[in-house]
Amino acid sequence: MTSSKQIIPRLMQALALGIPAFCFAGAALAETGQSDEPEQGSGIDADENEAQAKAKDGTDGSAWRLEPGLRLTMRGITARTTAPGEDEVIDGNAIALVAAPSLMLTRDDVTVTLRNATTRLEFEDPGRADRWQNAARLSVNYDLSDATRVTAFGERSDNILAAEFTSTDEWEFGGELMHSLDAANRVQIGASWRERSYDDAAGSKGDGIRVDGEYRYRFGANHFAFLRGRYDEINSAEARRDLSRWLAEASYQRPLAADLRLRGELSYQKLDFTGRPVAGGGTRQDDLFWPELTLIWSPGAWRIAGEARYIVRNSTDPAFDRSGYRFEVEVSHAF
């Protein structure tokens, strides 16, 4: 693992890698006037829709407005007895450094957003190879009314962790529809198409659909309840990469004090690897359940969060029939 005196140079390297995509997108936007997340990855997320709403507050809607941004993040992760190949950190510790520049272009009911996140992951275990990851997303939002928004997006991810392989490059294109029934009730549905290439000996590829939905109930400021569901699949000529997955989540978040909130979540996931036979007959099937608790403090431009989760995993493949905990601490600052 990189020593503490090397952290700043590493962080500057991450920022430097993100700058070319940032500048290219800025030029493109001037001229014309979200990855498959790891199945046991971080659940510490910002509410993008609320951030966009704040960006529009108090602005002249008749003129284009360009808002650049930058968020720098450091994450500390520790995990024990989780299944091999299914999480970035397995029976060990790691530090992640993330540089995330962004551009937001708004006018009237249109918002064009480009975000790029470059991540450097440093493992404590000398047997694990440290890695770079990158994800760039371009989205266009159009408010049909005060209650309804449609979104189209494209995303490119490199060297990400996917359920079917540990190093994956991906293109994803899709759309979303969000509708507020009233001040408290909101629903959202989305669908996308993903094309993946894997850094394996066969140079295999895969593709498939992803559909999801969410219901949110708002009790008040920073006080929400969520229900989410998702189905996705990957089909590949390399049978080992075939995958279908169901995911269901329920979460509740409430404020504890100014800028301080607590979120609890329960998640269930079912994975079916139809191209991976197991001893005794049949194919590999995994069932995962995890409770999760996250504490978030966000004074001003800072964001400090801690997440704890325990993953219960049952698999027809004994190598993946393992359970264990995962802890994460995050400190970030938005510029």
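This note sets out points on the predicted model above, from its overall make-up to individual residue pairs.

1. Basis of the values. The model is predicted; local features require pLDDT of at least 70 and side-chain atom pairs count only at pLDDT 80 or more, while totals for chains, interfaces and linings use all residues. Residues are numbered from 1 along each chain as its sequence is written, and side-chain values use heavy atoms, with hydrogens and water left out.

2. Overall composition. The protein contains two helices and 14 strands; these are DSSP runs numbered from the N terminus, helices (H or I) having at least four residues and strands (E) at least two. Of its 335 residues, 42% are buried. Here buried denotes under 20% relative accessible area, exposed over 50%, and partly exposed the range in between, with a 1.4 Å probe and protein chains only.

3. Strands E7 and E8. Strand E7 (residues 185-198) and strand E8 (residues 205-220) run antiparallel and are joined by 13 bridges; two strands are taken to pair if DSSP finds at least two bridges between them. Within this pairing, Ala191 stands opposite Val211 in E8. The two strands form a hairpin with six residues between them, and Gly203 in the turn has a positive phi of about 60 degrees.

4. Strands E8 and E9. E8 also pairs with E9, in the antiparallel sense, over 10 bridges. Gly213 faces Gly229 in E9. This hairpin has two residues between its strands, and Asn222 in the turn has a positive phi of about 60 degrees.

5. Ala184. This residue is found in the loop between strand E6 (165-180) and E7. Its relative accessibility is 15%, so Ala184 counts as buried. Ala184 and Arg218 are 34 residues apart along the chain, yet their C-alpha atoms are separated by 4.5 Å. Apart from neighbours within four places in sequence, Ala184 is in contact with Arg216, Tyr217 and Arg218, contact meaning heavy atoms within 4.5 Å.

6. Salt bridges in total. Side chains of opposite charge can pair when their charged atoms come close. A salt bridge here is a side-chain nitrogen of Lys or Arg within 4 Å of a carboxyl oxygen of Asp or Glu. By this rule the count is 28.

7. Asp91 and Arg322. These residues form a salt bridge whose closest N and O atoms are 3.1 Å apart. Asp91 lies in the loop between strand E1 (65-80) and strand E2 (92-107), and Arg322 in the loop between strand E13 (302-315) and strand E14 (324-334), so the pair ties together parts that are 231 residues apart in sequence. Asp91 is partly exposed at 40% relative accessibility, as is Arg322 at 28%.

8. Asp232 and Arg245. The side chains of Asp232 and Arg245 meet in a salt bridge with an N to O distance of 3.1 Å. The pair links distant parts of the chain, with Asp232 in strand E9 (residues 223-234) and Arg245 in strand E10 (residues 243-257), 13 residues apart. Both Asp232 and Arg245 are buried.

9. Arg210 and Asp212. In this salt bridge the closest N and O atoms are 3.8 Å apart. Arg210 is buried, with a relative accessible area of 14%, whereas Asp212 is partly exposed at 29% relative accessibility.

10. A salt-bridge network. Salt bridges link Arg75, Glu292, Arg303, Glu307, Arg309, Arg326, Glu328 and Glu330 in a network.
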